[in-house]
Amino acid sequence: MSRAFEYTCALLALSTQGDGLRSPHALPKVPLAYIRALAVPPPVFAVRSGASGAADLPLPEPERRKLTERAAAQLDDALRGSLAKLKGLRIVSEMPDSAKLVSAAQKSALEAHPERDRVSPSIGPGIQLLARRLAEETGTDGVLLIAVDRFGVRTAFFREVWMRVVAHVVIERSGEVRGPIYAVGQARTAPRLVRAGFMRSDAELVTDAAADACANLIHGLERGDTAPFAADVRVAVIPAAVPDGAIAADQGAGTVERILVPALARQADVLFQPDIGPVAEHIGGDQVVAAMVGLGLTSGQLWTDSGADAAAAASVARALGAHYVFVSRVRAASVGRYESEDGSESVGDIAEVVADFGLVRADDARVLWRSDGSGSARSHIYTPEGPRRIRTRPQCVMDAAVAAFASGRFALEEWMRGRRK
C-alpha cells in the first residue's frame, strides 16, 4: 500500500515537472479539461465587414440575413447535440436572462473591430465578467462562447457555402479564458446537368457547412488544437524544386540518356496547388520569389537527402511574414519503353515521376505534414486502327509530374480530413 502511494506521488511530481518543461506545441491546453458542467449560450453571428474572401459573391441583404439566421440555428443544434455526446460533460440548455447580456456584449465587440485581427476581439474583461456571472447562475464550471465571424458564398464550377467559428471557454472559478479555438465549415454542390442552377440549395449547404464547422470545433475543444488554416494566417507556397530533365532508358539498346524537359522549370511555381481554405491568406508568388532571392536560397536548398529542411523553409516563411509554408520537389523523373500487357511488343513510352511534399510551421520550424506521390503518363493510346502517338517524351514527363502533384494535393486533403477524426 505504501509503495503504491509512493509511486503515485512520484508520478505527480514528474507530471508537474513535465508541465514546466513542455513546449507550447507539444501538448496544447485542452479547453474542456476539468469541466463537468458547461453553459452554452446561443452562438453569436456577427460577420465583420471585409470578413469574406475575395472570391465570395455579394448577396442581397434579405438573402444574406436569411442564410445567416439559418446558419446560426443549425450550428446551435449541431453543437448542442455533439457536446451532449461527450462523456462526463453536462450541458445546461436553459439559459437565464444574463445569457442575453453575454451574447449582446460579444456581438458588439465583434462588430466594433471591422479590421481582420490576428487575435479575436470577442473576449474582453467585460465579457469575461459577464460569463463568470452566467456560470455562477447556472451552477456550471465554465461558459462556452461561440461566434461566427466569417461567412461567404462562392461560385466557380461548384457552389460553396462556408463559415468560420471562433470559440472561447471562460472558467467560472479562476476567470481564465481558454481559446480562441477556430473552426471552418464548408459544403459544396455541383451544377445541374439539364437546367441552370445547382443540385442543392444554399439552405441545404448551410446545414452541411454548420455540421462541418461543428465537427471541427468539437475536435479543437477536445484536443486543444486548431486546423492550420482556420485562423487568420498567411501561407506561402515555395516553387517546386525540379530537375532540368528526366532519365530516358532504352532497355532494348541498353542505353541511358538524359532528355531536357523545359516545361518542368517553367511550371515549377504552379505545379503544387494546395487548398488552404477560404480564410487563410495566400502570399503571391512574386513575393515568395523575391524573399528567396533576398535570402540567397533556391528551392533545391530547402531539401536534404532525408526530406524537407524545416529550418531553411521556416526562414523563408519568416522573411515573408508567413505562418506556414509549403515545399515540394520532383525527386525522380524517368521515361522508358512501354511494354504491352502480354509482353509481346513495345508500344511507345511511359514516363514516371515521384514527388515529395511538406508543410512547415514557421514559429517552431516544425514539419507538420509530409507525403510523397507518383504519377505516370504514356505516349500512345490504343485505337481500332492500332496504337497512336499522343505525346512526345518531354510531354509524357510533364503530364506524369502533373499527376504526381495532384496526388500530393489529394494526400493533403486526406490529412486534413484525418485530423478531424
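In this predicted model, pLDDT stays under 50 over residues 1-28. pLDDT is the predictor's confidence in each residue, from 0 to 100. For residues 1-28 the model has seven contacts beyond four places in sequence, a contact being heavy atoms within 4.5 Å. Where pLDDT is low, the predicted coordinates should not be read in detail. The protein chain averages a pLDDT of 84, and 85% of the residues score at least 70. Residues are numbered from 1 along each chain as its sequence is written, and side-chain values use heavy atoms, with hydrogens and water left out. Because the model is predicted, local features need pLDDT of at least 70 and side-chain atom pairs count only at pLDDT 80 or more, while totals for chains, interfaces and linings use all residues.

Helix packing was examined next. Two packed helices are described by the angle between their axes and the distance between the axes. Axes are lines fitted to C-alpha atoms, for helices over the stretch in contact, and angles run from 0 to 180 degrees between N-to-C directions. Helices (H or I, at least four residues) and strands (E, at least two) are DSSP runs, numbered from the N terminus.

Helix α2 (residues 61-84) and helix α5 (residues 202-223) have axes that come within 8 Å. The axes cross at roughly 40°. The two helices are therefore oblique to each other (under 35 degrees is roughly parallel, over 145 roughly antiparallel, 65 to 115 roughly perpendicular, and the rest oblique). The crossing of α2 and α5 is right-handed; that is, the near helix is turned clockwise from the far one by less than a right angle, whereas anticlockwise is left-handed. Residues of α2 in the contact include Leu67, Leu75 and Leu79. Their partners in α5 include Val206, Leu217 and Ile218. By class, this contact has twelve nonpolar, three polar and three charged residues. Ala, Val, Leu, Ile, Met, Phe, Trp, Tyr, Cys and Pro count as nonpolar, Asp, Glu, Lys and Arg as charged, and the others, Gly among them, as polar.

Helix α3 (residues 98-111) packs on helix α4 (residues 125-138) at an angle of about 160°. Their axes are 9 Å apart. α3 and α4 are therefore roughly antiparallel. α3 passes α4 in a left-handed crossing. Among the contact residues are Leu101 and Val102 of α3 and Ile127 and Leu130 of α4. The contact of α3 with α4 has nine nonpolar, two polar and one charged residues.

Helix α7 (residues 285-295) and helix α8 (residues 310-320) pack at about 115°, with axes 9 Å apart. This crossing is right-handed. Val288 and Met292 of α7 are among the residues in contact, as are Val316 and Leu320 of α8. The contact divides into seven nonpolar, two polar and no charged residues.

A search of the whole structure finds 22 salt bridges (a side-chain nitrogen of Lys or Arg within 4 Å of a carboxyl oxygen of Asp or Glu). Arg150 forms one with Asp232, the closest N and O atoms being 3.0 Å apart. The pair links distant parts of the chain, 82 residues apart. Arg150 is in strand β4 (residues 142-155), and Asp232 is in the loop between α5 and β7 (234-237).

Two backbone features complete the description. Most residues other than glycine have a negative phi, and most peptide bonds are trans. Tyr34 is not a glycine, yet has a positive phi of about 65°. Tyr34 is found in the loop between α1 (2-21) and β1 (37-39). The peptide bond from Gly179 to Pro180 is cis, with omega near 5°. Pro180 is in strand β6 (residues 177-189).
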